[in-house]
Structure formats: structure tokens, C-alpha cells
Amino acid sequence: MIVSLNWLKEYIDLNGITVEEIVDKLTTSGSEIEEVIDKSEEFKNIVIGKVEEVQKHPNADKLSVCKVNDGQEIFNVVCGAPNVAKGQTVPFAKVGAVIPNGKFEIKKAKIRGEKSEGMICAEDELGLGDDHTGIMVLDNSLKIGEPLASALKFNDVILDIAITPNRADSLSHIVIARDLAALFNRKLKLPNLKTQFEIVNKSESAEVVVENQTGCPRYTAVVVKGIEVKESPEWLKEKLISIGSRPINNIVDVTNFVLHEVGQPLHAFDLDELSGSKIIVKDNGSKNKFITLDSKEREIHSTDLMICDGEKPVAIAGVMGGENSEVTNKTKNILIESAYFNPSSVRKTAKHLGLSTDASYRFERGTDPNGTLKAALRAAELIVEIAGGEIETKVIDIYPEEISKRNVSLRFDRINKILGFKIDNEKVLKILEGLEFSISEHDDKIVRVEIPTFRHDIEREIDLIEEVVRIYGFDGVPPIEKISNTLSKKIDETNFEDELRFRLTALGFNETVSNSLISDEKTMDYSRSIKVLNPQSMEMSRLRTSLIPNVLMNISRNIKVKESDLMFFEIGEVFKSENDQIKSFEDISEHENLIIALTGNKNKKTWYQKEIPFDFYDLVGLTNKSLAKVFANIKVKTQFNLESSELFEYSFSKNLGKEILGEGGKVNRELLKKYEIENNVFLFEINLSALKSFDQKSNRYYSLLKYPKVYRDFGFILDKNISYNEVVKTIKQSSSNLLKNVNLFDIFVSESLGKDKKSLAFKLEYYDESRTLREEEIDKEFWKTIEAVKTNLNAELRG
């Protein structure tokens, strides 16, 4: 944001305040000054000169030898401009001057044998315009020898301010002046509007219809008739040039002036070029071409918000006007548009067009919905002042649902608690009022504040506290004589993840970091995924519900660049909706997950060994190793599943009681195809937030078992459709608490077993912590289990 100090002085008295103080206060209050440009220094050694004599150069046809008077001396100057003539008043750069455009220093020189002691400057060389057809000819009333900066009122200081994303309101001179008024306790002077008007939906001269009220919540139109389009007066051109804006004509210049004055983008339509004198705000509806003011043909999408007349589009809403309705020298009647457009709508359109303008830059960040009328009338009054004409008293203002001001309560005690020191209550009230926050009521404990609609960033009490302290100033923070610190044990909240990262990298894994936003296509558990309201692209339209899509995308990218032997892990947040409709943060769950993934070979081929690919057992083993410390303190069970699912061909899970903490296995081939992966991939994902909730402070001690364990084996022939889990469930349900573990140690499939048959063999482990088991009670329990499996699963005991 480029700000002119001279322009600011029209709204605030800055007498007695140095530029250094202004820069310091603005920076410490949140508006960082990136650069300070002293215009008088920029034009140092450039003065008003008079051409006393012009002669042809004896050795060059296109050069002239001039005598230039600076009020004290006559200088010999070689000039190549075709328009140089005797008697002209010109900008004269003396020896030692640095030309603003090009930054080259003027030195004494001989040009084709003739001495040259300076330079007569063109408009573009001074950075005052684009004209390089000849030298810049000035008004003869200017005093010879006067510094150019003083004569042209360029003795200004320009501030280049870095505007943070939350302070869209700061994109104007008046808001910077408002901050300065609050910082220096000065009075803010705002322009007064004199026009008497009546709000209507339709006037005799124009009509406005807003079809898309979401994209355009408010549209204000002011008609001015009988204007004369011509060059802008000097005061207006000076202001625009000071901030680097090129003057065009008095109408366009006024709209640009108001834009930089109050921050509200405006557009002036030639009313006579609007078919039916009508404005319709609507979606484009189809894909077509549109020629903008810069004479470029642009492709408009069907969802782009357009400003149309009775027949055709005339502007891209919030971005740029159209060539077919621009103000020209023949224009006599204009319609001034001042609207509030939905920021996301403008952002999407500007992004796909690759077109950023002063207007779109402001609309994307959010303008003041309740400032459109004042801005339009301010522009109309200025236009009548410099272009003549008459303002129609019937002003069209389409504002179906007024955007109300927020109300936020601020506790004085809360300010003291957050800041650590007390700010006087009266001082707090004065700061808030200086920032144009309305105080609805207050007592010695609380103040209720009405937030103006130009401050989109003020939503909560803490935001108001931030406003108070940035204006109060950090230099007002009292020094602290001593800092007390307790000797209590510090908790490192990242220690769990850091230890896990250390173990995984020690096992050979590489960590990946991925974006938590993914596309609709890649989203898993779609029904519980959370849609982003205003995504930057379709690739980032939903919050991820799992880390699986991210790790598969990373594997796919690596394989495509010939990196196929991979061991990846990632620790990241996943999000799920808990209800059909999200009304608050209570409807969203967020937790941290860990995923590990293996693909390719676990070792390289050498003269002494062959390549060995990763397999399911590697995944189980590495999962157990990486989480061994965690699992040591909680009774986590491993459950294997041989059935294919949407994610895995076969899998295993880590369970705590009935809760599944994590699941992994060999990734289903159909899922891999979506990511263009041909290699086998094995991965495991677990809920770290759940693991962290368990006590991890110390390892537990278990005494050595005093009594012997007893083992029994059996094998069954079953139908192929009966799963491992069904068999284990039947075994456990038919057994007492003497049975401690069930392990599958053999799977056999053969035609000799019968059609659609398989064999599963299990080892059963029995023991009791308090006594030695007797042979007869184990046999009784064992045969009871066999009968249960045979009966419930129609199984046959193998001999």
C-alpha cells in the first residue's frame, strides 16, 4: 500500500510530528513500513530551467545545442528532443542529479564534440508519466531556479506499508490517518457530503437488478448527467502521481482517488452505452469471451459474477470493467457503481483469469459493506466539482439483507490479565473511540463495543485487547524488575512424537509431510469428510480423514522418478464430521495419526545376496518395533483378518478391548490403480491421540510366571468362506479364562481337502497365575472347544 504523507495531512494535523515518529508508531502498531521515499530527495539537483537559445548541433542532425538558464547561470546542454524550443520552461537536471527513472547520474560530458552540462528531462525520465516523445514543457509561470519538487509540489514523503491479511481496511489513506489520529491523540477530519438524496430501487434514468445476492450483497448506483470528460485538475493528478497511479481523465481519476482515499473500489459506466439503462448483476451462465478495459480478450467461466446491461456483459464484477461501456471523451452521462462483492467470488474469478487489479485486491480481502453509498456520493460530488453536471437525487441502493455490526464485550480485568499490567479504563475507552468503535455501554468492569463493518478482523474479546495494546504502544509496557519461575517439572508436549520419530528413523524410515487438504476424488470415508467452503483449488477441497491418500500420493510421485524402494512414515492431523450438519466445532473431531508404509525391496541386490521384497510380515514386525515402548504399558491385542476389504487384500489391527486403535495390511490393487502404483504397498495407520491418552510415564513390572504353561494343537477343515476371526471367536467363547492365547500357525489349501475347503491349524496356550493346571481339566476344556468349532462352523477335525 503506497501512502502519500501530504495526502494524509488532509485528514489529520501532523504538525510537530516527524516522519521518523510516524514510521515508528505505524510499525509498532502493526502497519510495517517497508520503505520511506522522500520525493524532494528523489528530485535533488533538478530545477526549473528556461531555454534561452536553441541551435542545431554542428556534428549531428538530430541533436540541438541549447542554452539553459537556472536563475543563476547559463548552461550549455546538448538535447535530442524534437520539441525543444527557445523560451520553454523545462525540468533541468544539473550535474550531480540522479535521474529517477534509470537512476543514472548526470555528469559533464562532450557529445559529438559539444560540451553538455546537464539534461532537459522528459516526463518518463522523471517518473511522472509514460511520455517520451519529447521533453516535458512546464507552465511559464513557474519560478526559474526553483527546485522541481517544490514547484510541482512533489516535496512529499511516500510510505510503502506492508498490509497484513487481516487488515484489509488499511488499504486506504483515511484508515491510516485514523490509526495515526488514535496513536498521536489527534482529531480525524473526514470529507463532508452535501448531497441531498433519496434511496430508491429504480430511478427514471437507470435500473439495477441483483440476481445473485450471495455474490453481490449490496449494489449502489449514482447517476451524474451533463458531465464533460477532460484532463484532471493539477491537484488530482498530483495526488495520483504521488502514489504511482497514472492519470487518465477526470472521471476515471476521481474513481481512483476515492479508491485510495476510502478503500472502496468504484467503476464509472457510460450510461448511454448501457442497453436499456439497466444494470443486472448475475452469474455469467456460460463459457464465453469478454474484452476488458485493457483491450484484452479474456475467457469467462459460467460461474463468474458479471455486471450486465439489458443485452450484454459490461464488466467482470469486482475485477475490471469492459471496453464496451468505458468512459470516453464523448461521454455525457455516467453511472457510478459502488458495490460490496463476496470476497471468495472475486478471488476465484481473479485467480482463474490471472488478473489482479486494485479493485480485486481489495474485494478479495473484504471491503466495507456499509461504505458503498458514502463512497459513491463522494465520487459524484468530486465529479460535479471538476467535470460539471448534476447528481440525480434518486440514488439506487440494492441492499436486501443488511450486514449488521458485531457486538463484542471487553472486560477490563481481562486486559490486565492478558497484558500483565493495567491500562486505565478511560484510556481504553479513548483508544476504542479513536478507532471509531462505538461504545454502547460500559461500567467499571466491562465495556460493550459495536464493531464497525470495515473491521472484519475483530470478532472476539482478544481482538479488542490487541487493538488496545497496539495503539497504547509497546513503549508504554512497564519494565519488569524480576521474573519468578517455579521449579515444577516441565511437560514437553512434543516428546511423544519426537521419540516416535527417532525410533522410526532408526529403523530406516523417511518422514513425509503432506497437506491436510485433498481433493474429493482422493477423500476416504467421504460421508464424514469436511468440505472446505472456499477452496483455493479442487485439489484442496476437503479435509483429509486419513493419512493413506497422502502417503500413496508420495509413493506414486517417488516411483515415477525411479525411487521404488521406500520406507515412509508421516505424523499428521486428520478430521471427521460427527454430525450430518456442522454447526460448531463440537461437530468436528480432530486427532493425530501415524502411518507407516513399505514398498519395493528391503535390501539391494549384491554379489552375496538377492533382492528381497517387503512383505506383510515386515509391516507387522516394524509396526511392533516402532510402537514397542507404547504397547509395553497397555494390553493391546493383534487381530489378523484374511478377508479382502476396500482398503486391504488382507490386514491386521491393533485393538484395545473393543476399540480399534490402528489397522494395516497389503493395500488393495484397485486402490493402488487410482494412484498409478503397480508395486505392492504395505501400510499401517494408527490413532496417536488415543495412544497418547494412556499413561506413558513408566514401564510396568510383571513378575515371572511361577506355574507352567500347557499347549494344545488342533487343525480343522472348514469352508473357504469362514474367516480366521470367526474361528478364533468360537474358540474363545467356548473356553474359560484358562485359555490365554490363540495362535494360527498353519494355513493349507488343496483339492485333496475337498471343493472350496481350507485347513487352519491353531496352537492354544493355557495357564493360571495361581496354580498348576491338571491334565484332565485341560483335556476337558480342549475337547469342549473342538466340539464347539465342529458344531458351530461345520468343521472337520484333522487327524
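**Entry 1: Lys-666 and Glu-649**

I looked up the side chains of Lys-666 and Glu-649 and found that they meet in a salt bridge at 3.5 Å, N to O. A salt bridge is a side-chain nitrogen of Lys or Arg within 4 Å of a carboxyl oxygen of Asp or Glu. This is a predicted model, in which local features need pLDDT of at least 70 and side-chain atom pairs count only at pLDDT 80 or more, while totals for chains, interfaces and linings use all residues. Residues are numbered from 1 along each chain as its sequence is written, and side-chain values use heavy atoms, with hydrogens and water left out.

I placed Lys-666 in strand E37 (residues 659–667) and Glu-649 in strand E36 (residues 648–656), 17 residues apart. Helices (H or I, at least four residues) and strands (E, at least two) are DSSP runs, numbered from the N terminus. Lys-666 is buried at 15% relative accessible area, whereas Glu-649 is partly exposed at 26%. Buried means under 20% relative accessible area, exposed over 50%, and partly exposed in between (1.4 Å probe, protein chains only).

**Entry 2: Arg-712 and Glu-775**

I noted a salt bridge of 2.4 Å, N to O, between the side chains of Arg-712 and Glu-775. Arg-712 is buried, with a relative accessible area of 16%.

**Entry 3: Asp-179 and Arg-470**

I searched the whole structure and recorded 53 salt bridges. In one of them, the side chains of Asp-179 and Arg-470 meet at 3.3 Å, N to O. Asp-179 lies in helix H5 (residues 173–184) and Arg-470 in helix H13, so this pair ties together parts that are 291 residues apart in sequence. Asp-179 is buried at 1% relative accessibility, and Arg-470 is buried at 6%. I also found both residues in a network of salt bridges whose members include Arg-167, Asp-169 and Glu-467.

**Entry 4: Helices H11 and H13**

I then examined how H13 (residues 461–472) packs against H11 (residues 412–419): the angle is about 70° and the axes are 10 Å apart. Axes are lines fitted to C-alpha atoms, for helices over the stretch in contact, and angles run from 0 to 180 degrees between N-to-C directions. H11 is therefore roughly perpendicular to H13 (under 35 degrees counts as roughly parallel, over 145 as roughly antiparallel, 65 to 115 as roughly perpendicular and the rest as oblique).
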